[in-house]
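Here is a short briefing on one protein model. Keep the sequence and the 3D view open as you read.

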Amino acid sequence: TVGGVQINTSGRNKAWPVAYESAWKSPLLGQGPGSVTVVLVKQFGRAFSHPHNDYLRIFHDYGFVGLILWLFGYIGLLTKTWTNWQWADRNDMENAYLHLTAFLTLVAVAIIMISDNIIVYLFAMNPLGIIVGSSLGSVSRRKKVIKCAHTLALLSDDSESITERANRFM
């Protein structure tokens, strides 16, 4: 109860301490993939097999090493999609939405991971991979095409915009 309002924690208030305490048995390298599920099923039965906190899951299963590596990778994706969006917002407005979508989706997943187990949901992670992969893959080609179109625009007095010229190459 918070401020007189009943909040449904769906067992998180019981599962998190169990998973956290178990994680400290091997904090450096963790206890192996899926080990948090084993601990929770032993404690609560088959009805509660997820910790409902993916950061806790990664820490339990892969330890500090795994969590830190995962965080570096995730922050790298956030940074790259942000810089892709910033570049596209200045140079490739037509495709800026893709990079912004990738960035915001990564932010949303990072927030959801606090109280849910989204990383085990293929229906959520597959689209995330497609969106982020599209952002990462498209920007390098678009940069080359726009640079080429810009060079061609400098060589001609044509009134066609750089973006229009770049789109002809696509």
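The points below go from the overall fold to single residues.

This is a predicted model, in which local features need pLDDT of at least 70, side-chain atom pairs count only at pLDDT 80 or more, and totals for chains, interfaces and linings use all residues. Residues are numbered from 1 along each chain as its sequence is written, and side-chain values use heavy atoms, leaving out hydrogens and water. The protein chain has six helices and zero strands.

**Overall fold**

- Along the sequence, the pattern reads α-α-α-α-α-α. Helices (H or I, at least four residues) and strands (E, at least two) are DSSP runs, numbered from the N terminus.
- The protein chain has 170 residues, and 32% of them count as buried. Buried means under 20% relative accessible area, exposed means over 50%, and partly exposed lies in between (1.4 Å probe, protein chains only).
- Take the contacts with a separation of 6 or more: residues 24 or more positions apart account for 66% of them. A contact means heavy atoms within 4.5 Å.

**Surface**

- The protein chain exposes about 10200 Å², and carbon and sulfur atoms supply 65% of that area. Accessible areas come from the Shrake-Rupley method with a 1.4 Å probe; for residues, only the protein chains shown count as cover.
- A nonpolar patch covers about 950 Å² of the surface, and its members include Tyr20, Trp24, Phe64 and Phe72. Patches use residues with over 30% relative accessible area and no salt bridge; nonpolar side chains (Val, Leu, Ile, Met, Phe, Trp, Tyr) are joined within 5 Å, like charges within 9 Å.
- Helix α3 (residues 54-91) gives the most to this patch, with five residues.
- Ile68 is one of the patch residues and sits in helix α3. Its relative accessible area is 44%, so Ile68 is partly exposed.

**Helix packing**

- Two packed helices are described by the angle between their axes and the distance between the axes.
- Helix α2 (residues 35-44) packs on α3 at an angle of about 105°, with the axes 8 Å apart. That makes α2 roughly perpendicular to α3, a label for angles of 65 to 115 degrees (under 35 is roughly parallel, over 145 roughly antiparallel, the rest oblique). Axes are lines fitted to C-alpha atoms, for helices over the stretch in contact, and angles run from 0 to 180 degrees between N-to-C directions.
- Ser35, Val36, Thr37 and Val39 in α2 meet Arg57, His60 and Asp61 in α3.

- Most residues other than glycine have a negative phi.
- His52 is not a glycine, yet its phi is positive, at about 55°. His52 lies in the loop between α2 and α3 and is buried, with a relative accessible area of 17%.

**Salt bridges**

- How many salt bridges does the structure hold? There are two. A salt bridge is a side-chain nitrogen of Lys or Arg within 4 Å of a carboxyl oxygen of Asp or Glu.
- Asp54 pairs with Arg57, their closest N and O atoms being 3.1 Å apart. These residues are three apart in helix α3, so about one helical turn separates them. Asp54 is buried at 0% relative accessibility, and Arg57 is buried at 8%.
- Arg142 pairs with Asp92, their closest N and O atoms being 2.7 Å apart. This pair links distant parts of the chain, 50 residues apart: Arg142 is in helix α5 (residues 122-155), and Asp92 is in the loop between α3 and α4. Both residues are buried.
- Asp92 touches Trp87, Arg142 and Ile146, not counting residues up to four places away in sequence. Its relative accessible area is 0%.
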